[in-house]
Amino acid sequence: MRHIISVLLENESGALSRVAGLFSARGYNIESLTVAPTHDATLSRMTIVTTGDDRKIDQIEKHLYKLIDVAALQDITIAGHLEREIVLVKVKVEPNQIETLQQIAKGFNCSLSQVNEQLFIIEMSGSCEKVDELLNSLNDGEIIEVARSGAIGICSGESALSIPA
Amino acid sequence: MQLTGADIVVKSLKEEGVKHVFGYPGGAALHIYDAFHRQDDVEHILVRHEQGATHAADGYARSTGQAGVVLVTSGPGITNAITGIATAYMDSIPMVVLSGQVMKPLIGYDAFQEIDAVGISRPCVKHNFLIQNVEDIASTIKKAFHIATTGRPGPVLVDIPKDITADVAEFIYPEALEMRSFLPPRKAENSEILTAVEAILNAKKPVVYTGGGIVLADAQKPLAEFVHKLGFPCTNTLMGLGGFPHSDPQYIGMLGMHGTYEANMAMHDADLIIALGARFDDRVTGTLGNFAPDAKVIHVDIDPSVIDKNIKADIPVVADVKEVLNAFNNELQRREKDINPELIGDWWAQIKQWQSLDSLWYQHSDEVIKPQYVVQKLHEVTGGEAFVTSDVGQHQMFAAQFYGFSDTHKWINSGGLGTMGFGLPAAMGVKVAHRDADVACVTGEGSIQMCIQELATCRQYDLPVKVINLNNRYLGMVRQWQEFTYEKRYSNSYMDSLPDFVALAEAYGHVGMLIEKPADVEGALKEAFAMKDRLVFMDFITDREENVYPMIEAGKGHHEMRMRPGSKTLA
Ligand SMILES: Cc1ncc(C[n+]2csc(CCOP(=O)(O)OP(=O)(O)O)c2C)c(N)n1
């Protein structure tokens, strides 16, 4: 099953490589991994999307927690959560396809900017599934380039990921 | 007090109570070496290879329970140390490794003797640091010792750029540590203790299975109380030998690949396995598909990640094993009337029957020295009280099966990584910490050559350990596997051109002895151990093709052991 694990990490050099190293050394899947500082500059928040059965996920969480730089973590898949990914797609279309493209952009609530007569950049944010759908629907045109941010997420309820007091 | 970074390093070690550091100098560490020269609170022991430094610090740590300390230079200094760091990591040994690094402005430019020490060591340390400022040296060293020795212990590396060791700062050794992301180990809930004890009191076929955690937590006393109160059988892992005394009637021997028949059968048939400070390693469980089909598992360990890793625990207890055993004992005291020895009467009858096979038996010979016999005599001559280190191979298993340990911290071997070359430097480290104790290194002619240069260190620092070389002229353990699974195709398991070990020992300034007849074994050992102030290298020419039995072969379960040919069978 797919899991989204949020991690609060000490903002130290090398912390990211410890997490990446753990996943590669123990053969855990990483579907995506994003990291950036939080409102507290000493902490980064990492979002890892991974897959595995309950036992694997349990091991992943325990081993993550063993890393000294990991201050807190939460599997937000279990609780209700908001999930967002940003995608930027550069597409090339024939003049007669431009209208279709504009419709798609509208349908997915994306912004569309034009590079030249034939080249467009689409920008969208949504769940990873939604991003997949967008990419599928662009099949008619020629996709030149895709940049996906990987998922970030947050609990939709009252709970918040923070360092245990 | 204003001090250079190098002096701060040494002063910080002193503050941590460090008496000995094992190391080897080089460019990036020279300021620190200069600081060592200015003081005599902390003794530096100059090894002959950085691998030797790490194993020596490791032996020191295993025999004392305190963190071992290593100092090496950048580049090849730290790469040579990696094997020993990994060895300590796999066996959860507290160790602090200080490594010199090239100057900060040169980092990342492929400078002379630059290697990314933090990167290269990351998979085999509990944690590591690259110090950025002279002001951070003291607090980082304090953190390193704290992390290395708290919870499940392990090695911690501190990499220090050379320019920082020349910078000057005020030296204040921090009294307290603030580490919000490194919390103290969890304590057991009372409900967990009650649930576990309930299962314990109802078991009909229980086994107490204990590992290195008992040694690390110094839990041998509460363990003995627990096992005696209940009358349960107890087995130790290779790492846990000495956790429960070998001579106790409730001891059923080591378990695992070369464990006793009774220990492995008891695990297989058990209805309750009480795992204490052990991690269900693959060398212990055999194939997981065949593992203890009917057993409920109580798993006590300080590290949550070992719970449910290989074997699903029915009753997990994440806490210090010593505290848990004390809590078990208190609860058992309260419920003393519920302990019913009759419940396990049939179980013991079954175990006794398994024991009657005497699965460790071997055929003594008057012609050729049996390695098992040497280890048995070693026990007799040292009164079973020696510190015994070993290398890796058949000799390691013979030492584990036949020495008979009565206390923790006495059996010192590389169980997790299985590092040949560990034995001699580890013995050296033990001897540094225990000057008056007998220290024996049981080794093979293959393994001993992997760190034999440390004979010179033993000479320089007057460390009279006894080397027991069980010389079968084969990489015996490899040969045994080739005999069993490769139809005796002995590919590269033969040791040609062996040195004359007696002459070699003498060249290093030690005593060498060659022992070729079984009748001479005991006398030679007595003579060697009587030479309290000399390192004696005893080269025992042993049976070439002796095998280690019993054995669980690859893909087999606990109940499918391969016994020595000619063994008794159960009626
Ligand atoms: C550094 C290292 N290299 C290779 C091995 C694989 N290995 C395990 S046992 C063994 C043979 C050891 O031979 P020896 O030291 O003579 O001991 P014996 O088995 O003959 O008692 C080898 C090569 C190892 N454990 N460690």
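Tutor: A salt bridge is counted when a side-chain nitrogen of Lys or Arg lies within 4 Å of a carboxyl oxygen of Asp or Glu. Please keep in mind that this is a predicted model. Under that rule, Asp40(A) and Arg180(B) form a salt bridge, with their closest N and O atoms 3.9 Å apart.

Student: With which residue of chain A does the side chain of Arg180(B) meet at 2.9 Å, N to O?

Tutor: That residue is Glu10(A), and the contact is again a salt bridge. Arg180(B) sits in the loop between β8 (168-170) and α8 (190-202) of chain B, while Glu10(A) belongs to strand β1 (residues 2-10) of chain A, so the pair joins two chains.

Student: How should I read the size of an interface?

Tutor: The size is often given as the accessible area lost when the parts come together. Here, about 1700 Å² is buried between chain A and chain B, and carbon and sulfur atoms give 46% of that area. On the side of chain A, the residues that lose the most area to chain B are Arg18(A), Arg55(A) and Ile68(A), which together account for 41% of what that side buries.

Student: How many residues of each chain are in contact, and how many residue pairs are in polar contact across the interface?

Tutor: Contact involves 20 residues of chain A and 20 residues of chain B. The rule finds 15 residue pairs in polar contact across this interface, both residues being at pLDDT 80 or more. On the side of chain A that touches chain B, the elements giving two or more residues are α1 (15-25), α2 (54-66) and β4 (70-75). The largest share, seven residues, comes from α2(A). By class, this side of chain A has seven nonpolar, five polar and eight charged residues.

Student: How is chain A itself built?

Tutor: Chain A has four helices and nine strands. From the N terminus on, these elements run β-α-β-β-α-β-β-α-β-β-α-β-β. The C-alpha trace of chain A spans about 60 × 30 × 30 Å along its principal axes.

Student: How do I tell a cavity from a pocket?

Tutor: A probe fits in a cavity but cannot get out, whereas a pocket is open. A search of the whole structure finds one cavity of 30 Å³ or more. The largest cavity holds about 60 Å³ of space. Its lining includes Ile200(B), Leu230(B), Phe232(B), Asp338(B) and Asn340(B). By class, the lining of the largest cavity consists of nine nonpolar residues, one polar and one charged.

Student: Finally, what should I look for in the backbone?

Tutor: Most residues other than glycine have a negative phi, and most peptide bonds are trans. In this model, the peptide bond from Tyr549(B) to Pro550(B) is cis, with omega near -10 degrees. Pro550(B) is in the segment after β20 (536-541) of chain B. Gln113(B), a residue other than glycine, has a positive phi, near 60 degrees. Gln113(B) lies in the loop between β5 (95-101) and α5 (117-121) of chain B.

Key:
Residues are numbered from 1 along each chain as its sequence is written. Chains are lettered from A and ligands numbered from 1 in the order in which they are written. This is a predicted model: local features need pLDDT of at least 70, side-chain atom pairs count only at pLDDT 80 or more; totals for chains, interfaces and linings use all residues. Side-chain values use heavy atoms; hydrogens and water are left out. Contact means heavy atoms within 4.5 Å. Buried area is the accessible area (1.4 Å probe) that two parts lose on being put together, summed over both. A polar contact is a pair of N or O atoms within 3.5 Å; within protein, one must be able to donate a hydrogen and the other to accept it, and residues adjacent in sequence count only if both atoms are side-chain atoms. Ala, Val, Leu, Ile, Met, Phe, Trp, Tyr, Cys and Pro count as nonpolar, Asp, Glu, Lys and Arg as charged, and the others, Gly among them, as polar. On a 1 Å grid over the protein atoms alone, a cavity is a set of points where a 1.4 Å probe fits but cannot get out, and a pocket is an open set with protein on both sides within 12 Å along at least five of seven lines; lining residues have an atom within 4 Å of a point. Grid points are joined across faces, edges and corners, and a volume is the space filled by probe spheres set on the points.
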